[in-house]
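Trainee: Can you walk me through this model? I'm new to it.

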Amino acid sequence: MTVKTFFYGLIASFGIPWLIMLAVPFASMRSQEAPQFDESKDEKTGVFQPMYSGRRGTGSLIYRQEGCAVCHTQVTRPTYAGNDVFREGQGGFAKDEVRGDTRRISMPFDYNGEDYANIGESRIGPDLGNYGRRLEVKAAAYNKAKAEELGLDIDKLGEHAFNIELAVYRHLFDPQINAKKHMLKTNCPSNSRFFDEAGVMGQESDLAVAVVDGVEVVPNDRGRAIMSYLINLKRDGEVPASMQYGRDKEKGSK
Amino acid sequence: MSTETNSPYLEDTQLRADIDRSLRHPVMFFFTSGAAWLAVSLVLGILFSAKVHSPGFLDGCSFLNTGVLYQAHLSTMIYGWGAQAAFGVIIWLMSRLSRQECKASGLILTAGHVWNACIAIGTIRILMGEGSGVAWMYFPKFIWPVLLAIYFFIGIWAVIAFRVRRGGHIYISQWYLMATLFWFPWVFISGHLFAIGYLGEGHEMMATAASAWYRSALMFLFFTPVAIASAYYIAPKVTGRPVYSYNLALFGFWALAIVGPWTGFQRLMGAPIPSFMQFLSAGAAILMLIPAIAVAINILKTASAKKDAMAHSPSLRFTVAGVVGLLVFAALGALMSVPGVMKYTQFSTAQYGLEITGLLGFFSMCMYGAIYFIVPRITNREWISVGLIRQHFWLTVYGVLFIAIFYTLGGGFLHGEILENVNESQDSAYTRLFPYAVSLTTGFIFILIATFFFCCHLLLMWLRLGRRSSHPTLLVRHAHGSPHGPEGDLDKLENLDSNLSTH
């Protein structure tokens with residue numbers, strides 16, 4: 001083997017997979033066409049446009065920088081790769097009170113607005129792909145029970161209503177307290193770096209997670225961004241039928 | 001008459017001594033600072049795993065967040081220890097095999113200092129929550145171009161040594177070294193361009209895919225070839241026997257070159273990337289068994305030609321353990337790439353355990369073997385303590401076995417099984433994970449103690465406090481003879497030299 005043959009061999013053996021597996025898919029996914037609604041299945045036509053809210057770009061970056069993806073995934077795999085779609089709330093709910101069966105696997109557009117899809121390393125903690133929607137469902141159940149307990153309309157619960165933002169902040173500040181309150185175990189550590197201490201000036205902040213001796217612990221900029229990102233992680237929007245597990249299943253059984 | 005027969009041998013020994021002397025400081029710097037970074041990485045790893053099983057641990061230190069500890073731990077292991085150990089081995093091996101003194105040791109040493117400064121800055125920034133957050137590229141964006149430039153400063157001298165090599169023959173180790181010198185920049189540049197977003201607007205899912213490919217390519221096309229090159233050098237050198245089969249070596253090399261670049265995307269099985277990428281990569285990861293088996297047969301057959309050398313020589317013992325580590329790493333990697341198995345292992349403890357098994361059980365063991373061989377030659381001193389070497393070996397083996405058996409295999413499947421069971425709560429998954437996380441901490445503690453012994457030993461050698469002896473330090477009491485051959489007798493050579501010049 002001459003040195004020249006050696007290098008030609010190296011270029012070919014590396015260059016071909018590099019092109020096929022990396023460069024070409026990178027270019028083709030960059031210019032991916034938006035999915036379309038199909039009138040026969042979706043009863044509507046047009047381009048599917050995913051809707052997002054919250055501080056998605058900044059929140060996603062902070063999520064990555066803080067290593068949240070080490071313990072949390074954000075992916076619902078198809079059945080050939082796992083049972084994710086059957087885990088209640090992970091890729092949607094089988095019986096979502098508002099939208100019916102919303103279960104579906106993850107799609108490329110789920111990560112739009114981020115620089116990098118936070119698929120995640122492991123599931124030391126729960127999957128967070130649909131965390132925002134799970135919180136909404138939990139809040140609705142809590143508010144319903146509270147309204148019955150207090151004999152009020154849900155809309156008039158006021159300060160008794162479940163505060164999603166505060167719940168997330170409390171979890172980030174000290175997940176152990178939160179878990180103990182609900183008789184649960186968690187291995188989520190405290191993320192106190194998302195909070196600053198500030199002297200109480202007049203009324204306490206609505207978002208204070210702790211107040212001790214005139215000093216309150218309130219979320220800082222990074223804390224607010226990560227909270228906004230987390231509560232907006234939802235997989236409950238309307239998608240074309242071809243992308244939805246439940247509706248595909250119905251079609252298959254007919 | 002005797003001068004005629006001795007002259008080529010003396011010239012040869014003198015040349016090797018000159019090469020060793022020319023590389024003393026850069027190579028010792030890479031090895032010692034690399035070992036120190038490994039110790040730092042293991043401390044960070046212990047903190048990380050302790051926080052997994054005891055979440056309240058060090059809660060008061062807000063900068064020691066679980067996620068950033070993990071990122072800093074892996075970054076220091078890969079770029080602090082792994083890359084520097086590889087650089088030391090690459091420049092020394094290439095100079096020795098090409099029979100060329102290094103003319104730029106000062107430049108390489110300076111580059112090494114800058115590399116270390118970058119690792120330190122990058123690690124601090126990660127701990128401050130200012131890294132990139134991209135897998136295996138956790139340092140902030142501005143660090144990467146500097147690291148690449150430093151790599152060129154270091155790597156170019158190995159390429160030059162190869163270009164102006166003496167003698168026409170190209171050794172097996174040189175193929176691997178040249179291949180890794182060629183692959184590394186390509187892998188590094190593509191990984192960073194695609195994953196970190198230097199190319200501007202890309203697709204976020206492909207950025208993740210590129211980082212999955214990058215970590216696999218770095219493992220198989222950088223760490224693996226350097227470790228194999230070292231094994232192909234150490235085994236025949238220590239045993240004094242030629243490599244068992246040249247053809248098998250050639251086959252193993254091309255199998256790695258052909259299969260290696262296709263792996264990586266299996267980590268994203270089920271994620272929204274084209275499914276052909278996931279399955280092709282899974283297939284390639286299974287096929288990685290082929291080069292691993294080819295290399296293992298060749299090295300183990302070569303080493304077993306002289307069994308006492310395997311028992312007595314620290315270099316050979318570490319190298320053989322590293323080759324066994326390669327087999328284990330490839331077998332676990334293949335098993336975990338079977339789609340049916342991946343359901344359980346993809347997001348369990350298995351994947352991280354596999355990476356640690358590869359980095360510490362295979363790559364690091366081969367590097368230790370090379371370091372135990374190289375350091376006495378470049379410092380002109382023998383290792384001080386057999387006990388320290390023995391402790392280093394056994395504690396590392398215990399630590400790696402703990403991680404491979406309990407955390408990677410046991411935890412991987414049993415934690416994965418509960419994650420796959422939709423009727424089980426997150427609570428049960430945490431309870432199931434607990435003992436395996438403890439086993440990771442235990443494994444890391446074993447390896448940290450071993451690394452502490454190794455660092456101290458290495459530092460003493462760099463300070464030239466090693467034994468002035470013509471016999472290498474062997475893992476046996478009252479050893480007679482030297483499995484390393486006459487190459488270790490540099491003191492004797494100096495005496496001979498002075499005798500010749502006086503006559």
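Mentor: We'll take the two chains in turn, then some residues.
Mentor: This is a predicted model, where local features need pLDDT of at least 70, side-chain atom pairs count only at pLDDT 80 or more, and totals for chains, interfaces and linings use all residues. Residues are numbered from 1 along each chain as its sequence is written, chains are lettered from A and ligands numbered from 1 in the order in which they are written, and side-chain values use heavy atoms, with hydrogens and water left out.

Trainee: How many helices and strands are there in chain A?
Mentor: Chain A has eight helices and five strands. Helices (H or I, at least four residues) and strands (E, at least two) are DSSP runs, numbered from the N terminus. Along the sequence the pattern reads α-β-α-β-α-α-α-α-β-β-β-α-α.

Trainee: And what is the radius of gyration of chain A?
Mentor: It is 23 Å, while a compact globule of 254 residues would have one near 18 Å. The radius is taken over C-alpha atoms, and the globule rule is 2.2 Å times the number of residues to the power 0.38. The C-alpha atoms of chain A fill a box of roughly 80 × 55 × 35 Å along the principal axes.

Trainee: What share of chain A counts as buried?
Mentor: 50% of its 254 residues. Buried means under 20% relative accessible area, exposed over 50%, partly exposed in between (1.4 Å probe, protein chains only).

Trainee: Now chain B. How many helices and strands there?
Mentor: Chain B has 16 helices and zero strands. Its radius of gyration is 23 Å, close to the 23 Å that the globule rule gives for 503 residues, so chain B is as compact as a globular protein of that length. Buried residues make up 63% of the 503.

Trainee: What about contacts in chain B?
Mentor: Contact means heavy atoms within 4.5 Å. Among contacts in chain B between residues at least 6 apart in sequence, 83% join residues at least 24 apart. For chain A, that figure is 63%.

Trainee: Where do Phe37(A) and Phe48(A) lie?
Mentor: Phe37(A) is in strand 1 (residues 36-37) of chain A, and Phe48(A) is in the loop between strand 2 (46-47) and helix 3 (56-65), 11 residues apart. Both Phe37(A) and Phe48(A) are buried.
Mentor: Chain B has a tilted pair, Phe184(B) and Phe188(B), at 5.4 Å centre to centre with 40° between the planes. Both lie in helix 5 (residues 172-195) of chain B, four residues apart, about one turn of the helix.

Trainee: Why does Phe184(B) count as buried?
Mentor: Because its relative accessibility is 3%. Phe188(B) is at 2%, so Phe188(B) counts as buried.

Trainee: Last one: where is Arg381(B)?
Mentor: Arg381(B) lies in the loop between helix 13 (350-379) and helix 14 (386-420) of chain B. At 10% relative accessibility, Arg381(B) counts as buried. Leaving aside neighbours within four places in sequence, its contacts include Met461(B) and Arg464(B).

Key
Rings of Phe, Tyr and Trp (its six-membered ring) pair if their centres lie within 6.5 Å; planes under 30 degrees apart count as stacked, over 60 as edge-to-face and the rest as tilted.
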